[in-house]
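Visitor: Could you show me how to read a protein model, one feature at a time?

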Amino acid sequence: GRPLPDALLATLADAPLPVDPAQRLQLVASCMRGDRENLIRRHSPFAELVDLALALNTPERIAYASDQLLHDLAVWYHLAWLGESVRREDARVAQLERKARGFDATDRRLLLTLVGELLAGVLPRFRALSDAGRCELAVSPYSHPILPLLFDFQAARDGEPASSLPQSGHYPGGAARAAWPMQRALECLERVFGCRPRGCWPSEGAISSAAVGAIAAAGFDWLATSEAILHPSLALSGISVPEDPAAAERLLNQGFALPESRVACFFRNDRMSDLIGFTYSKWHGDDAAANFVQELGALAERTQGAPARAVLVALDGENAWEYYPFNGWYFLSALYAQLASHPDLRRATLSELVDEQRAAGIAPAVLPRLRAGSWVYGTLSTWMGDADKNHGWDLLCEAKRAFDEVVASGRLAGAALARAEQQLAACE
């Protein structure tokens with residue numbers, strides 16, 4: 001019964017559409033977000049509506065866009081973004097797609113109800129998969145801070161030696177503060193899913209020696225990031241990647257650990273991961289799956305004899321699929337089937353690997369030195385180094401000093417302190 005805070009989702013509810021031309025233009029633009037070929041042109045009524053909306057997509061012409069056009073656009077936007085299994089299995093989707101246009105309040109309420117059911121089912125679905133051992137749930141630091149920069153602004157110069165830094169010099173109390181998002185993340189996942197996570201995906205895969213220490217102190221057994229950090233870290237440690245491809249693969253595709261650290265660090269195989277993220281969307285699904293499994297099989301053959309070999313395939317789960325025909329349905333179906341039946345490949349969670357190797361007395365390879373960075377270019381330049389970003393850090397530092405001062409004065413306690421900590425986390 002409450003108004004929906006998201007303007008695009010609210011178009012499915014009973015609230016009137018905006019009358020301001022700028023807001024209507026924004027609504028039209030929002031309804032066209034998505035891959036033109038696979039999300040829009042796949043549905044001919046949606047494509048027709050988009051072409052019509054494009055012709056009216058100026059401040060002068062938007063007055064000619066009726067509420068019915070905007071409502072139909074919004075319905076098709078939400079239909080197009082539904083998961084493929086829902087599209088194939090839910091009769092309500094077929095009903096709306098058959099109607100195609102002229103959607104009324106009842107149709108929109110039907111779709112809104114479906115969206116609500118899907119959202120309500122996400123957490124129970126993953127809890128059930130986790131309870132059944134079908135997946136492992138890892139966690140990122142709460143509110144997504146870039147941990148190395150909380151500890152030390154100089155970490156930005158590991159990958160970009162000439163990077164400019166914020167005038168503040170450092171984040172006040174950053175080392176102590178870094179423990180809060182780790183602990184909060186553990187509490188949230190345990191509360192929602194009933195299990196304590198053993199693995200951490202640091203925000204944007206960003207790590208440094210200090211960040212790894214914080215992850216270890218929080219009790220994690222493993223973390224995952226990218227080869228974009230591993231290669232310069234090996235060079236910094238005086239370890240050369242062999243020129244022989246097979247020898248290089250044996251070195252790179254295994255767990256590592258910093259000296260005296262119990263946390264196994266896994267670095268994703270960037271080439272194999274990026275095949276899924278950026279290449280296979282242009283292939284026929286069966287061919288893509290066959291190629292991926294063939295590549296993995298060949299890698300397994302080349303690395304025979306390496307006791308701890310493992311290939312980590314990791315990508316932003318939400319980014320790839322709109323560019324695949326049918327949201328990757330045929331590729332993923334073929335991929336899972338071929339992986340499940342392959343004689344030389346085994347799917348495993350990272351905790352399984354850690355436990356098996358510990359039981360067998362196989363220690364992770366030692367990585368003497370770690371170069372701070374993220375999975376974005378292997379550096380921290382996305383978050384620090386130019387004037388606007390550095391100014392943002394200076395403002396954050398100012399807010400943190402004010403926060404610390406008020407907390408030290410005792411003027412914040414209980415629920416008020418919890419709200420302030422939440423707001424600080426959002427800023428970080």
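Visitor: Which residues of helix 14 are buried?

Guide: Buried means under 20% relative accessible area, with a 1.4 Å probe and protein chains only, and helices are DSSP runs of H or I with at least four residues, numbered from the N terminus, while strands are runs of E with at least two. In helix 14 (residues 227-236), the buried residues are E227, I229, L230, P232, S233 and L234. This is a predicted model, in which local features need pLDDT of at least 70 and side-chain atom pairs count only at pLDDT 80 or more, while totals for chains, interfaces and linings use all residues. Residues are numbered from 1 along each chain as its sequence is written, and side-chain values use heavy atoms, with hydrogens and water left out.

Visitor: What do the buried residues of helix 14 pack against?

Guide: Contact means heavy atoms within 4.5 Å. The buried residues of helix 14 pack against strand 2 (222-226), helix 15 (245-252), strand 3 (256-257), strand 4 (264-268) and helix 16.

Visitor: Which residue caps the N-terminal end of helix 14, and what comes just after the helix?

Guide: The cap is S226, which has a side-chain oxygen 3.0 Å from the backbone nitrogen of A228, and just after helix 14, G238 takes a positive phi of about 80°.

Visitor: How many residues are in the largest nonpolar core, and which of them touch the most other members?

Guide: A nonpolar core is a set of buried Ala, Val, Leu, Ile, Met, Phe, Trp, Tyr and Cys residues joined through side-chain atoms within 4.5 Å. The largest one here has 49 residues, of which L149, F220, F267, L367 and L380 touch the most other members. Helix 14 is among the elements that give two or more residues to this core, although the largest share, 5 residues, comes from helix 12. Leaving aside neighbours within four places in sequence, the contacts of F220 include V139, M182, L186 and I215.

Visitor: Where is S168 found, and what does its side chain make a polar contact with?

Guide: A polar contact is a pair of N or O atoms within 3.5 Å; within protein, one must be able to donate a hydrogen and the other to accept it, and residues adjacent in sequence count only if both atoms are side-chain atoms. S168 is found in the loop between helix 10 (156-159) and helix 11 (174-177), and its side chain makes such a contact with the side chain of D394 (2.5 Å). Not counting residues up to four places away in sequence, S168 touches F153, W393, D394 and C397.

Note on methods:
Buried means under 20% relative accessible area, exposed over 50%, partly exposed in between (1.4 Å probe, protein chains only).
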